[in-house]
Amino acid sequence: MEFITIDKQDWPGGVEKLKGPYRVYGPVRGQEFSDFKRLEPGQLPDLTCLNTRLSPKGIVYPQSQPMFEYSLDEKKTEAHVLTPVQPDAEPAAVLGIRPCDAKAFELVRYNFDTPEYKDPYWIQAFENTTFVGLACDLPCSSCFCTTAGCGPYHEAVLDLLLVDAGDHYLAKVLTQKGARLLKTAGWEAAADPDASASAMVERKQAAEEKIRSRVRTDRLKNQPIDELYQAPIWEDVAFACINCGTCTYVCPTCWCFDVQDETHGVSGRRMRNWDSCMYPLFTLHGSGHNPRGTKLHRVRQRFMHKLKYFVDRYDAGIQCVGCGRCVRLCPVNIDIRKVCNMINGFDASACVCPASS
Amino acid sequence: MQNPYLPYPVHIDDIIVETEDKNLKTFKFVFSNPADEARFAYRPGQFAELSVAGKGEIPIGIASSPTEKGFLMFTVNKVGLVSAHMHAMKVGDVMGVRGPLGNGFPWERMAGKNVVIIGGGFAFTTLRSSIVHMLDPANRKRFKDIHVIYGARTPGMLLYKSEIQAWEARDDIHVHITVDAAAGPDWKYNVGFVPAITEQKAPPGDAGTYAIVCGPPIMIKFTQPVLDKLGYSPGNIIMSLENRMKCGIGMCGRCNIGKEFVCKDGPVFTLEQLNQTPREF
Amino acid sequence: MSKEYTDRIRKIAARLLKEGRVDMVMGFRRGTVPMMNEPCVIRRDTEAEMLVWDSHCGINLANYLTDRKERIGIVAKGCDSRNIVTHIIENKIKRDQLFIIGVPCKGMVDKRKIAARFEAEIEKVSEAGDTLTVKGGGTEKTLAKAEVLQENCRICVHRNPVIHDELAAEPVQEQTGVDRYEDIRNIEAMTPEAKREYFTDLLSGCIRCYACRNACPLCYCPTCFVDESRPQWVGKGQDPEDVETFHFLRAYHCAGRCTDCGACERACPVGIRVRLFTKKLEKDCLELFDWEAGMSLDQRPPLDVYRPDDPNDFIK
Amino acid sequence: MFQNLMAYIGIEPGRLHFSWISSAESTKFVEVAHAVTEAVKALGPNTHFVKKEIRVAHHV
């Protein structure tokens, strides 16, 4: 494995060089919190912030995205026929993405890149993007990545993993894409591979030890779907929920969407917008019947999807990377860690209801 | 990369008002690019997204049969934005069809078996497709006895009336039409709800007999115990579900029942499968 | 204050459930992260120990009453009680279904204000009287609670419940001489262009999660106008005009009903000051109709009634 | 109140008019329609709160 040393003095210049060939995104500090934004000329990613408020999923999967264009002008031969809107083909680079957020793309890929169907918008944007991860040495107390299938130094999806080593960044080169980015930026000072690798292992362990918050997932796969679905825990879990979409919109692994036509005069676009399983409208039939008509149904769907249906369908762990955003931002403090442990520990035969603990 | 969200352009070739309340119309579409017809190779029980630019898409079961060449047929109930708009469209108008989507009925498993088709109201669309498919001279010998039990509220609410009457007259299919209440002196078929007629007319269930049930929830609810009584095992009862859908390809996240997507893993499930999953439909 | 309040609330709740006065009690239980408590419902007197009270109970529990049929005990601050009144007036719950456990309130803490004073993550916040002790990043600081109140609490003039069956503590002194509408006047004084720029910027971070709407006890419509599809009043994407239309129309639907409980702003995950819309309407209601929402069961909101002396100079 | 709210969010006061006209008051209707048209013309075309071609707001 190859390692590169990036002197912090060479960092701004390199980032600037990337801005030509790449659309460069990075965390930008706002008044109250940071978010991933496209970096302006001269602007550097803020690599000191705690995790961003929203996940960077929007770089690959924007909240509103045109899929097709159409004209309703009868004089035109192509009237009423949809033509695809091509996503931005220019390569993108995300600097300073956390390993948990990067891992999320691997989980979301199960949805958009299937043997039967390929979502061209998501896949092209994903493949066009070079992911430069920043190892996470300062996790929040609500982070639980190490028991959610990744960790502060996890390498999935990443093309490069940077470690902040004081006066320089140590970069682990994980893919060809990552190597190309380093070359473009002019960061080419090789670091001693053995020493770097062992330094990284050491730091990884130290970082992982800082993560105290845990979920238990070992029994999820063997729990019977129907018994979890019928379990008497859901009323208590769902009571506080106000059915807003915060948890789903801040989540790096939530992918649900809606399709809407927006017409302006005689032309328009078929748009894809994020949607949320928390909204009653999400599943409402034309007849007025709603298979998930109550708050309890919807809260259960969200947790069952992440912690059971996904687990069973793809055998790739839970659909959660432990970033803790929903835990921190839920206006009524519904906590996925608590729910995960509850259903992992649920014992239908004993009907021990951990809800009231 | 093929774009699974892109509809094939079609134009409306014919519009037939099916029911006396005029809420159901059958649309016959012809592909604007003839080559698209071969790409749209489907089997009975599948559905498609009908796309109207500026309005959106609706998932509708395919009512035509793959044995009918040169067109596609869909029967559309007027309920929402897209369907209401379609009801105002006219022959020659251009729109889109995206698909075929979903799994369709399990034709391999039903080969060599008796097939009982039980339908109610306007859920008869993919059943029509299935019947036409099975009655095609090239296919008929692949199935044993075929029974059809089809009911609607009134004679005027039955779909595909002239075709059903033609099937009635044939000797290679047993058709039992029914309406909910007494329908006047001209009505020469059954009177009564679908579950009751099923009890009277359906053959007993065994390993060699499959029942396909499509209809409103209330009909399904009361037909199920009848089939139980007749000896149909859950694995031999086949149902087609409807849930709100957008993408039709298992990506948008709304139509799932447990870990199954109705749009992609369904819409056709056996009762045995449904018994193992949350019934969110 | 929190210990005495908590004890008293637990006692009342346990008694109500034990005596069968109510089927359930709605209150708060200890949250899993600092500065957060979770709304909860208890049905057995033995569960009363779960209930807590401190300066992080900002969610308006009136929101959970809508169309419920049970007999309910509910813990209510000043603002919550005013929303309960509004709910009763609007037939969303009946007075005789409720046992209101009134909580005189000295304001709820704005966790963002505390977070803004620390570089590191806040690990623990504890309170004694009017001071808070905040631990984070290896340091510990003591803050006066008054400095970090939610904005609506800072300017609140109805801290005591206006309706209650039992109080969990002695009434607190109401604030006087508070300038409630300084921010609104500042905006009113802007030019039309400056206002438009201001609001466009204000809403630029909105992700349309509808937390503001759903946290609001007034927003109980079965289908909100933004969700209607026939006709579709508002586009559903991230178009700035659609986002703005949602916010100002939602606010207008709360005109004369809003108690400035702050639930909307507290719930917003991206920190938008959504009260700037509702407060303008609150101010106009006060000035034009001498009206404050939810103060009495006997009066209907001003936009609900006609009076011959209603201001009408705007009609030509 | 609605007029106030409109002014508050930056719609110029002269764009929104209220009038009470009976079906019998045809002359008043004509007068008001003229007055409103004049007032709005004087302000020029409205640019605010008009939905443009869809802009894709990148949240990132």
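## A buried tyrosine in chain C

With 26 C-beta neighbours inside 10 Å, Tyr210(C) counts as buried, since the cut-off for that class is 20 or more other C-beta atoms. This residue of the predicted model sits in the loop between helix H6 (192-202) and helix H7 (211-215) of chain C. Although Tyr210(C) is not a glycine, its phi is positive, at about 65 degrees. As background, most residues other than glycine have a negative phi, and most peptide bonds are trans.

## An exposed aspartate and the helix before it

Is Asp315(A) buried or exposed? Asp315(A) has 8 other C-beta atoms within 10 Å and is therefore exposed, the limit for that class being 12 or fewer. Its phi is near 50 degrees, a positive value in a residue other than glycine, and its place is in the loop between H10 and helix H11 (325-329) of chain A.

## Where chain A touches chain B

The contact between these chains takes 40 residues from chain A and 35 residues from chain B. On the side of chain A that touches chain B, the elements that give two or more residues are strand E4 (64-71), helix H3 (99-112), helix H4 (120-127), helix H7 (225-230), strand E11 (257-264) and helix H10 (295-314) of chain A. E11(A) gives the most to this side, with six residues. Sorted by class, the side of chain A that touches chain B has 22 nonpolar, ten polar and eight charged residues.

## A covered helix in chain C

How many of the twelve residues of H2(C) are buried? Eleven of them are, and the helix is mostly covered; among the buried residues are Cys79(C), Arg82(C), Ile84(C) and His87(C). The buried residues of H2(C) pack against strand E3 (72-76) and strand E4 (98-102) of chain C.

The twelve residues of helix H2 (residues 78-89) of chain C should span 16 Å at 1.5 Å a residue, and the end C-alpha atoms are 17 Å apart, which agrees. H2(C) is followed by Asn91(C), whose phi is positive, near 60 degrees.

## A three-stranded sheet in chain C

Three strands of chain C form an open sheet in the order E5-E6-E7, with antiparallel pairing. Strand E5 (122-128) and strand E7 (139-144) of chain C stand at the edges and each has a single partner strand, so one side of each is left without a neighbour in the sheet. From one strand to the next, the twist averages 20 degrees.

Strands of a sheet pair through backbone hydrogen bonds, either parallel or antiparallel. Strand E6 (residues 131-136) of chain C pairs with E7(C) in the antiparallel sense over six bridges, and the bridge partner of Val134(C) in E7(C) is Lys141(C).

## Two cis peptide bonds in chain B

Which residues does a cis peptide bond with omega of about -5 degrees join? They are Gly99(B) and Pro100(B), and Pro100(B) lies in strand E6 (residues 94-101) of chain B. A cis peptide bond also joins Gly266(B) and Pro267(B), with omega of about 5 degrees; Pro267(B) is found in the loop between strand E14 (260-261) and strand E15 (268-270) of chain B.

How values were computed
Residues numbered from 1 in each chain as written. Chains lettered and ligands numbered in written order. Predicted model: local features only at pLDDT ≥ 70, side-chain atom pairs only at ≥ 80, totals over all residues. Contact = placed C-beta atoms within 7 Å. Helix = DSSP H or I, 4+ residues; strand = E, 2+ residues; numbered from the N terminus. Nonpolar A, V, L, I, M, F, W, Y, C, P; charged D, E, K, R; others polar. Pairing = 2+ DSSP bridges. Axes fitted to C-alpha atoms, helices over the stretch in contact; angles between N-to-C directions. Expected span 1.5 Å × (residues − 1).
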